[in-house]
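Let's work through some exercises together. Keep the sequence and the 3D structure in view, and try each task before you read its solution.

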Amino acid sequence: MNTWLWGLILVAGVLTFSIRYSFIYLVAKTGDLPPRAKRVLAYVPPAVFAALVIPEFISYDAGLHVAPDQLTAGVVAAVVAYRTENLFATILSGMLALWTLRFLL
C-alpha cells in the first residue's frame, strides 16, 4: 500500500479515538454530563434504531420500493414490543408474521 494511504488510516484512527476519548475524559473530569449533552444524547438510540431498521422496509432501486411483507411484519413486531416489552416475543412475532406473509404471498 502507498504511504499516504497508511497516513490517512492513521489520521482517521487518531481522530476517531480523540472524539470518543473526549467524552470519556469529560465525564471522568466533571463526574457528570452537562444537561444539554444529556438531552442531545437521549435522541441517539432512536436515531440509530431508525437508521438500522428503515432500510429493511423501504429501498430505492430506480424508484421507491416498499416491501409489504417486511413492513407488515415490522409493524406486528413493533406492536408486540410496545405491548409486552419482551425482546424474545418481539423477535418471534415478527419472524412468524414475516414467514406467514411470505408463505401466503
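**Exercise 1. How many salt bridges does a search of the whole structure find?**

Step 1. A salt bridge is a side-chain nitrogen of Lys or Arg within 4 Å of a carboxyl oxygen of Asp or Glu.

Step 2. The search of the whole structure gives one salt bridge. Its partners are the side chains of Asp69 and Arg102, at 3.0 Å from N to O.

Step 3. This pair joins distant parts of the chain, with Asp69 in helix α4 and Arg102 in helix α5, 33 residues apart. Helices are DSSP runs (H or I, at least four residues), as are strands (E, at least two), numbered from the N terminus.

A word on the source: this is a predicted model, where local features need pLDDT of at least 70 and side-chain atom pairs count only at pLDDT 80 or more, while totals for chains, interfaces and linings use all residues. Residues are numbered from 1 along each chain as its sequence is written, and side-chain values use heavy atoms, with hydrogens and water left out.

**Exercise 2. Is Asp69 buried or exposed?**

Step 1. Recall the cut-offs: buried is under 20% relative accessible area, exposed is over 50%, and partly exposed is in between (1.4 Å probe, protein chains only).

Step 2. Asp69 has 14% relative accessibility, so Asp69 counts as buried.

**Exercise 3. Where is Val48 found, and how far is Val48 from Thr72 in space?**

Step 1. Val48 sits in helix α3.

Step 2. With a relative accessible area of 44%, Val48 is partly exposed.

Step 3. From C-alpha to C-alpha, Val48 and Thr72 are 21 Å apart in space, and they are 24 residues apart in sequence.
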